Amino acid sequence: MSDSPAIIAGGGIGGLTTALTLHQIGVPCVVFESVRDMRPLGVGINLQPNAVRELFDLGITEDDLDRVGLPAKEWSLVGLNGNDIYSEPRGRLAGYQWPQYAVHRGQFHLLLHDKLVERAGPQSVRLGHRVARYRTNSDGSVSACIERANGTTAEITGRLLIGADGIHSAVRAQMHPAQPPIHWGGAVMWRGTTWAKPIRTGASFVGLGTHRQRMVFYPISHPDPRTGLSMINWIAEVTMDNSEGWKQNGWFRQVGTQEFAHHFKDWVWDWLDVPALIRQADTAFENPMIDRDPVPTWRDGAVALLGDAAHAMYPTGSNGGSQAIIDARVLGARHGRTRGHAGCARRL
Ligand SMILES: Cc1cc2nc3c(=O)[nH]c(=O)nc-3n(C[C@H](O)[C@H](O)[C@H](O)COP(=O)(O)OP(=O)(O)OC[C@H]3O[C@@H](n4cnc5c(N)ncnc54)[C@H](O)[C@@H]3O)c2cc1C
């Protein structure tokens, strides 16, 4: 079994970071990703200093991250009267040794993908391959049933199966067949990006409004030197009556901004025009704020869950992507330690 690969279900942030980590410590692995094409989906996410530290240890540099985002300088809460409620510095300005980065989620995802292919070769990521189920074997190995996009199937045996297949995880569904369905907390978010002049420090996260209706926005690119405009990631959020549950199916529905802009029509100050910010977006995505109940274990023999497959979380803490990175590094460190590798295991 020593040469058999680790099988990774899912090529999101968690799965790709796991693959980069295992490659770093010399463990062969293959990522099976159900989508046929890697596309830069999603808008902004924040990578917290603890996750950036791990990315640096993986050889992803500040220059790399500056191409997909920028270091965040401030976190602030502003009331509907336009006055500051609270603000604090972030990243190195807050005393951390590592910056916090606000990045374009899709471009960051592609950066991880390209790094893996560059280091481990194109065969390290198999697109259009869905992990449907698994079987644990008496010799400690695990076999995964793979469904290919062309309709064929295959069985692959490996030393480990990592279920990094997101909130709708097939690996988790098999491990915990009695898990309750996803539930909706009553909030709906619309997310988009608009090229606009960054405010405050030029790299500030601003939360504006109340817990029932709010806007969050922050730049995810350095300003264009010609125009001074940055790509601003914004999230418009409204809490609704959820007695009927969420009616749409899915996590990411593309919508026109006229479908929700009316909730924010009066949100105009001399320093910010929310209706204009929303109106000038190319497109917007509607996400219900969904969650799963915790499960008692993330492990079944040689099978382990990580990232959203293990512990989906509301995005209000700006931590889902960072936590998936930490999960991948802890898993790599534990694996490296049992196999006598140094690499990422040296600190953990
Ligand atoms: C499109 C998108 C946009 C997001 N935007 C934000 C955001 O703005 N802010 C924020 O905080 N968080 C956001 N998130 C969530 C955040 O990115 C996640 O918390 C974090 O990336 C967790 O990563 P993950 O790898 O565990 O899961 P995911 O990012 O969900 O990746 C799972 C991957 O597995 C693949 N997959 C699914 N099932 C299978 C299967 N059976 N076999 C093989 N492959 C499979 C999926 O196609 C996907 O590529 C977003 C997630 C997505 C998918």
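Reader: Is Leu161 buried or exposed?
Author: The model is predicted: local features need pLDDT of at least 70, side-chain atom pairs count only at pLDDT 80 or more, and totals for chains, interfaces and linings use all residues. Numbering starts from 1 along each chain as its sequence is written. A residue is buried if 20 or more other C-beta atoms, placed from the backbone, lie within 10 Å of its own, exposed if 12 or fewer, and partly exposed in between. Leu161 has 28 other C-beta atoms within 10 Å, so Leu161 is buried.

Reader: Which strand holds Leu161?
Author: Strands (E, at least two residues) and helices (H or I, at least four) are DSSP runs, numbered from the N terminus. Leu161 has its place in residues 160-163, strand S12.

Reader: Which residues does Leu161 touch, leaving out those up to four places away in sequence?
Author: Contact means C-beta atoms, placed from the backbone, within 7 Å. By that test, the partners of Leu161 are Ile7, Ala9, Tyr134, Val142, Ala144, Val171, Ala302 and Val303.

Reader: Which way do Ile7 and Ala9 point from strand S1, compared with Ala6 and Ile8?
Author: In a regular strand the side chains alternate between the two faces of the sheet. In S1 (residues 6-9), all four residues are buried. Ala6 and Ile8 point one way, and Ile7 and Ala9 the other way.

Reader: Which residue of S12 is the bridge partner of Ile8?
Author: Strands pair if DSSP finds at least two bridges between them. S1 and S12 run parallel, joined by 4 bridges. There, Ile8 is partnered by Ile162.

Reader: Which residue of S2 stands opposite Ala9?
Author: S1 also pairs with S2 in the parallel sense, over 4 bridges. Ile7 faces Val30 in S2. Opposite Ala9 stands Phe32.

Reader: What distance separates the centres of domain 1 and domain 2?
Author: Domain bounds come from an automatic or database domain assignment. Domain 1 covers 6-45 + 105-180 + 293-346, and domain 2 covers 183-291. Contacts link 4 residues of domain 1 with 8 residues of domain 2. Taken over C-alpha atoms, the centres are separated by 30 Å.

Reader: Which residues are closest to the ligand?
Author: A residue counts as near if its C-beta atom, placed from the backbone, lies within 6 Å of the molecule. The ligand is surrounded by 32 residues. Elements giving two or more of them include helix H1 (13-24) and strand S2 (29-33). The closest are Gly10, Gly12, Gly166, Gly307 and Gly320.

Definitions and conventions. Two residues are in contact if their C-beta atoms, placed from the backbone, lie within 7 Å.
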